[in-house]
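Here are some notes to keep beside you while you get to know this one. Have a look at the picture first, then work through the points in order.

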Amino acid sequence: MNSNTAQVVTKTTKWQYNSELMSWLFKFKEEDHLVKITHTVEIPNNWKIVNK
């Protein structure tokens, strides 16, 4: 990383229907099809990591 500040990168994975029929069949379920969320902290190379 070439920046001087740390940042958090969030990646979200969701299911997606591959046909209109499947989408229509399950449209009445009130869920967002969330599979997982991953948060990664990226720090600059010149920072030191201190473990407790």
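1. Start with the layout. The protein chain has one helix and two strands, and reading along the sequence gives the pattern β-α-β. Keep in mind that this is a predicted model.

2. How far does the predictor trust it? The chain averages a pLDDT of 84, and 87% of the residues score at least 70. Strand E1 has the highest confidence, with a mean of 93, while helix H1 has the lowest, at 82.

3. Next, burial. Of the 52 residues in the protein chain, buried ones make up 4%. The chain exposes about 5300 Å², and carbon and sulfur atoms supply 53% of that area.

4. Now the contacts along the chain. Take those with a separation of 6 or more: 67% of them are between residues 24 or more positions apart.

5. Find Lys11, which lies in strand E1. Is Lys11 buried or exposed? Lys11 counts as exposed, because its relative accessibility is 59% and the cut-off for exposed is over 50%. Leaving aside neighbours within four places in sequence, Lys11 is in contact with Lys36, Ile37 and Thr38. The C-alpha atoms of Lys11 and Thr38 are separated by 5.2 Å, although these two residues are 27 residues apart along the chain.

6. Then go to Trp47, in the segment after strand E2 (34-42). Which residues does Trp47 touch, not counting those up to four places away in sequence? They are Asn4, Thr5 and Ala6. Trp47 and Ala6 are 41 residues apart along the chain, and their C-alpha atoms are separated by 9.1 Å.

7. Last, the surface. Tyr17, Leu21, Met22, Trp24, Leu25 and Phe26 form a nonpolar patch there, and together they have about 560 Å² of accessible area. Where does Tyr17 sit? Look in the loop between strand E1 (7-14) and helix H1 (20-25). Tyr17 has 31% relative accessibility, so it counts as partly exposed: that value falls between the 20% and 50% cut-offs.

Key:
Residues are numbered from 1 along each chain as its sequence is written. This is a predicted model: local features need pLDDT of at least 70, side-chain atom pairs count only at pLDDT 80 or more; totals for chains, interfaces and linings use all residues. Side-chain values use heavy atoms; hydrogens and water are left out. Helices (H or I, at least four residues) and strands (E, at least two) are DSSP runs, numbered from the N terminus. Buried means under 20% relative accessible area, exposed over 50%, partly exposed in between (1.4 Å probe, protein chains only). Contact means heavy atoms within 4.5 Å. Accessible areas come from the Shrake-Rupley method with a 1.4 Å probe; for residues, only the protein chains shown count as cover. Patches are made of residues with over 30% relative accessible area and no salt bridge: like charges are joined within 9 Å, nonpolar side chains (Val, Leu, Ile, Met, Phe, Trp, Tyr) within 5 Å. A salt bridge is a side-chain nitrogen of Lys or Arg within 4 Å of a carboxyl oxygen of Asp or Glu. pLDDT is the predictor's confidence in each residue, from 0 to 100.
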